[in-house]
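Good morning, colleagues. I would ask you to keep the sequence and the structure in view while I speak.

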Amino acid sequence: MKVFLNKLRALHIIMIGGLLTIVANSCSDEVYNDSDFVAGETFTDSNIRLILIDTLTVSTSTMKFDSLVTSESTRILTGKYIDDVFGTVTTSSYMQFLPDSYTIDSEAVFDSLVMVLGYDQYYYNDTLQKNTIHIKKITKNLRPDSDDNFYNTSSITYDEEDLGFYEYNPRPLAGDSITIKLIDDFGSDVFSKLQEKDIVNSDEYRDYFKGIGLLPDETDNGSIIGFSKSSENTYMRLYYSTDTEFEFEQEYIDIQIDATTTPIPFFNSITAENPITPLQTLTDSKVNLASSESDNQSYIHSGVGIAMRVQFPSITSLYDIPGSGTILDGTLKIKPVAQSYNDNLKLRDTLAVYVVDQNNDLTETLTSTSYAILNRDNQEFNDIYYEISLSYYLEELYLKDRDLDDALILLPVDYNSTVDRFIMSGNGNGENETILELTYGIYDED
C-alpha cells in the first residue's frame, strides 16, 4: 500500500469545504524534491490524517576524512591562527612556475625579481592582526608520490633560507595585491640563466627551478588569506633594463603558475594541530565521534576535512503507526552553538549535504538543490539554524530503498579551498538540539 507513493516529492494538502485538493509539481526524477506523482483513487478516496512529528531520534556525530584533494583548490591559501576548539590552524601553499618568454637581450641589465599575490577576497579569522609570508625554494620535483593528486596532508622539501619575506596587514576586500621582493642573488641567477641561453624551454626551467612554497611564520596568530591562482593576478615578475639611444628602458618577463603540466603542480597544505581532546580521537575516517561524547556538539572544518554526520535510526518506526502512510515533508534543523561564531569566525549561508556509507566513504551529493540553508529570520533573538529539506531521502530510508546505514554529512561546498569551521548542536542538547520535523500522511487507516 505504501509503494505506490514512492515517487512522492512534495505534496500540499488543503481541505476546502470537505473536499480534498492535492497539488503536486512535475519534474525530473533526478531531483529529489520535485515530483511526477499523480494521486490515484486509493489515495484521494481515503480519509487522510496528517501527523506532525518532531520526536524521531536523530543521531549526530563527527567524522574526519583521512585527506582531502587540494591540488584542485580554487585559490592559494596561506596563514595561521590559533582556534580554541580546532587548535593551531596552518595553511601553506606550494606551486611551480614557468616564464612566458625565454629571451632576454644580451645588453640588458638585471633590476629585480618580485612576487605579486593578488587577493581573491577570501579570508578567515582576524585580519587586524599581522600576517607573515616566507617564500621558500622547493628542492624536489612537484609531483604526487602515488596518484594524480596532492592532498591537504601532503608535504614537500624546501630550502630553509628565504627567497623572500613579507610582514603585512591583510586587506583582502579593500586591497588589490601584495608585492614581495625576492633576494637579488636568486633574481640575478634566473636572469643570467635566461639571458645566456642556459635555459631555453619549460623542461630546462623545471629542472632548474622546482617551485616555491608560501609559508606563514611560526609565531603568527592572525588569519588565513586567499590569493588568486590566475596568471593575471598572481605571478613573479623579472624586471630588467635595456640601454636605448637616450635612456634605459625597463622591461620585464612574467613567470606564472605552471598550468600546462598534468596534474597541475600545485597544492595547499592545511593542518589543525592540538585540537580539543574529543577531536583528537578522530584518527581514522571510519571513527565516528558521537555528540554525546563531545559536549552534545558536532564539528565541521572544511580544509581539515572534519564533517558533521547525521543518521535517522528510527525512521522505520513510522511503520508502527496504524494505517498505510507516507512522508509528505521532512525538514532537519541544526543550530550552531551560541557564541561559537562571530565576525571573524563566520557562518556561511549554505552548506553542502553529502551522502556517506557506513565506512564514511563519500558516495554522492544529496542533490544539486538540497543544501543546508541558514535561516536568519529570528537572528535578533539569537535563534538561527540550518534547515535541510529531506523528504525524498527520508522516504527512501523509510521504504528501505536506501541502506539504513547511510548517513548525511555537512561540509562547505568549496571544502578543499577554505578553512571555514562550525560548531553545531547535536542530539541531546536540550532546546537547541538537532531535530527532524516530519509531516506524515496516513490513509486507509483501520
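Which residues do ring pairs link into a cluster? They are Tyr-94, Phe-150, Tyr-158 and Phe-267. Please bear in mind throughout that this is a predicted model.

Let me turn to the aromatic pairs in general. The count comes to 18 aromatic pairs. One of them joins Phe-86 and Tyr-299: the ring centres are 6.2 Å apart and the planes stand at 85 degrees, so the pair is edge-to-face. Phe-86 belongs to the loop between strand S5 (75–83) and strand S6 (87–95), whereas Tyr-299 belongs to strand S18, so this contact ties together parts that are 213 residues apart in sequence. Phe-86 is buried, at a relative accessible area of 1%, and Tyr-299 is buried as well, at 3% relative accessibility.

A further pair, Phe-150 with Phe-267, is stacked, with 4.6 Å from centre to centre and 15 degrees between the planes. Phe-150 counts as buried at 5% relative accessibility, and Phe-267 counts as buried at 0%.

Strand S18 covers residues 297–301, and five of its five residues are buried. Strand S18 runs antiparallel to strand S26 (residues 421–425), and five bridges join the two. Within that pairing, Ser-298 stands opposite Met-424.

Next, charges over rings. The charged end of Lys-137 sits over the ring of Tyr-208, 5.6 Å from the ring centre. Arg-237 lies over the face of Tyr-252, and here the figure to the ring centre is 3.9 Å.

Finally, the backbone. Where is the cis peptide bond that involves Pro-263? It joins Thr-262 to Pro-263, with omega at about -5 degrees, and Pro-263 is found in the loop between strand S15 (248–257) and strand S16 (266–273).

Two residues other than glycine have a positive phi: Asn-125, near 85 degrees, and Lys-400, near 60 degrees. Asn-125 lies in strand S8 (residues 109–125) and is buried, with a relative accessible area of 11%. Lys-400 lies in the loop between helix H4 (391–398) and strand S25 (407–411) and counts as exposed, at 56% relative accessibility.

Technical notes:
Residues numbered from 1 in each chain as written. Predicted model: local features only at pLDDT ≥ 70, side-chain atom pairs only at ≥ 80, totals over all residues. Heavy atoms only, no water. Helix = DSSP H or I, 4+ residues; strand = E, 2+ residues; numbered from the N terminus. Buried < 20%, exposed > 50% of the residue type's maximum accessible area, 1.4 Å probe, protein only. Pairing = 2+ DSSP bridges. Phe/Tyr/Trp six-rings, centres within 6.5 Å; stacked < 30°, edge-to-face > 60°. Lys NZ or Arg CZ within 6 Å of the ring centre and 35° of its normal.
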